[in-house]
Amino acid sequence: METVSETVIYYIDALMTTRRNLLLRTFALPLLTLAVVACSSSSSSEEPLATPTPTVPPTADISNTSEPIDPDAPQVIFTGSGFVPKRLDIEPGTQVRFVNASDKPFWPASNIHPTHSILSELDSKGAVPPGETWAFTFDTRGFWRFHNHLLPEVGGLVVALGDDPGPPPEPLVLTVPDVAFETPQNIPTQDYVDLLQDDTLMVRFIKKYGPENTVKILKESESYIEVDCHQRAHDLGRAAYEEFGAAAFALSGHECQAGSFHGATEALFASRGTANLEQDVTTICAVADNPFFRHQCIHGVGHGLMAWTTYELHDALPLCDRMPTNADKGSCYSGVFMENIVGGLTGLMGHVTQFLKDDDPHYPCDIVDEQYKVPCYFYQTSHMLRVFDRDFSKVAQACAETPPAAHQNCFQSYGRDVGNVTRKDPATAILYCSYAPAGSNRVHCIEGAAQDRFWEKSGADDALQMCAMVENEAEQDACYWTIIVRARDVFTTEGEFDGFCAQIEPRWRKWCADAEEQLSSTT
């Protein structure tokens, strides 16, 4: 019987995705900061916000516009130090009273501070004096974070979902536009650099060259500046969705660890919500022509769901349970947990996750429902590296302390992180994997490190070199099988795949036919 662990681990996932972005930051390499720090509700597990934008507290007589107040409407009370309750669940169309029970004025407004752009109507436009009330009706379904504009580190959450999903949006149609994009030629060096941070240039490239060519150029940008392109590819995907709608999924490429697909998915949920989740996923993932690319598509769904729920982990994971197969559920979980750790969308959502602790390598894997514990460890080692200040031996020890059922996920995740920091240095990758206990756990590390080197065609030589250097027979067998299966997914023509297999020693070369047969049986 198919299980989440067996099927998802087979494709080791996007846990190799923004991992480089995260680890480059962890290892203090030069990195462009592409996200903005946003204000949000505070909690003991959230990181302190950057210094808030200075504001001049308005006087109590500044007017604010409130709709007529329903005295029976649910309320959120500002106490002076926070909001009570911090989370309020309501039916869409419900009015909420924001009551000032403090001795100071307050200014309720939507995240992000100071623009209030996520739900711009949620803004009192001025101070609410002590003892007074401002009301707002939440007509739009979603997770709506708010804060006190005068004390932006204090905030809360209104969830307007209810039991009635309401009318679903119109069916999502994926129609590829009849447009001939230009072929990129003689791109100036400065454009490669600027593309990593200039949104206007990115949109211009998307319109001129198309999303697929633009993400290829973005991948080439890595050779000009020491930065991983995955998270920036999320931005590209969101811009492509704004330009082409659902067709962005057919027009994008898989470079930058499929980041453009992930970003397009985030934009999809931002515009349509989850009322039509199953049908929308069927539409956007129909373009995935092999199990690995389908995994990437569903993994992107997990990213989008975590963003749509504004990092409410316990709300995002059950949405993944609506995926049609165990494999899809696992791929979706991986996207949720990865977004929790990487936090690439915090600038867009105006909120940082509450589900990480600086001194706990296992949180939140030890507090999620039982069915999510094992999938949680599929990316958790990237957080462990921060907890242990980049000490790989301690991360390996922490993986050994996980529940036995989670060992495979944790050690493959560990191997992925090892692979990330040892590109073109397979000897060090093998050394770091030796910190894992001998046997199956070390094998899983080797598998993760090999796959991480081989996300795209350009990584084939590095992966082959690593496998050739592995000395233990079981570990070497696992290494070669891993990259042969990956090659079958990555290389799109028989000639490319055959050329890759020709570089493998005869003992393992015969496995190429087995991998092809296995792929055929799953498509």
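**Exercise 1. With which residue does glutamate 312 form a salt bridge, and how far apart are the closest N and O atoms?**

Some ground rules come before the solution. The model is predicted, so local features need pLDDT of at least 70 and side-chain atom pairs count only at pLDDT 80 or more, while totals for chains, interfaces and linings use all residues. Residues are numbered from 1 along each chain as its sequence is written, and side-chain values use heavy atoms, with hydrogens and water left out.

*Step 1.* Apply the criterion: a salt bridge is a side-chain nitrogen of Lys or Arg within 4 Å of a carboxyl oxygen of Asp or Glu. Glutamate 312 meets it with arginine 87, the closest N and O atoms being 2.9 Å apart.

*Step 2.* Glutamate 312 lies in the loop between α9 (291–308) and α10 (313–320) and arginine 87 in strand β3 (residues 87–90), so the pair ties together parts that are 225 residues apart in sequence.

*Step 3.* Check exposure, where buried means under 20% relative accessible area, exposed over 50% and partly exposed in between (1.4 Å probe, protein chains only). Glutamate 312 is buried at 12%, whereas arginine 87 is partly exposed at 28%.

**Exercise 2. Find the salt bridge between arginine 145 and glutamate 312, and describe its setting.**

*Step 1.* The closest N and O atoms of arginine 145 and glutamate 312 are 2.6 Å apart.

*Step 2.* Arginine 145 belongs to strand β7 (residues 142–148), and 167 residues separate it from glutamate 312; both residues are buried.

*Step 3.* Widening the view, salt bridges that share partners join Arg87, Asp89, Arg145, Glu312 and Asp315 into one network.

**Exercise 3. Work out the strand order of the open four-stranded sheet and the sense in which β4 pairs with its partners.**

*Step 1.* Two strands pair if DSSP finds at least two bridges between them.

*Step 2.* Strand β4 (residues 94–100) pairs with β6 in the antiparallel sense over six bridges, and here valine 99 stands opposite threonine 133. With β1 (residues 75–78), β4 runs parallel and is joined by four bridges, glutamine 75 having arginine 97 as its bridge partner.

*Step 3.* As for covering, six of the seven residues of β4 are buried.

Notes
Helix = DSSP H or I, 4+ residues; strand = E, 2+ residues; numbered from the N terminus.
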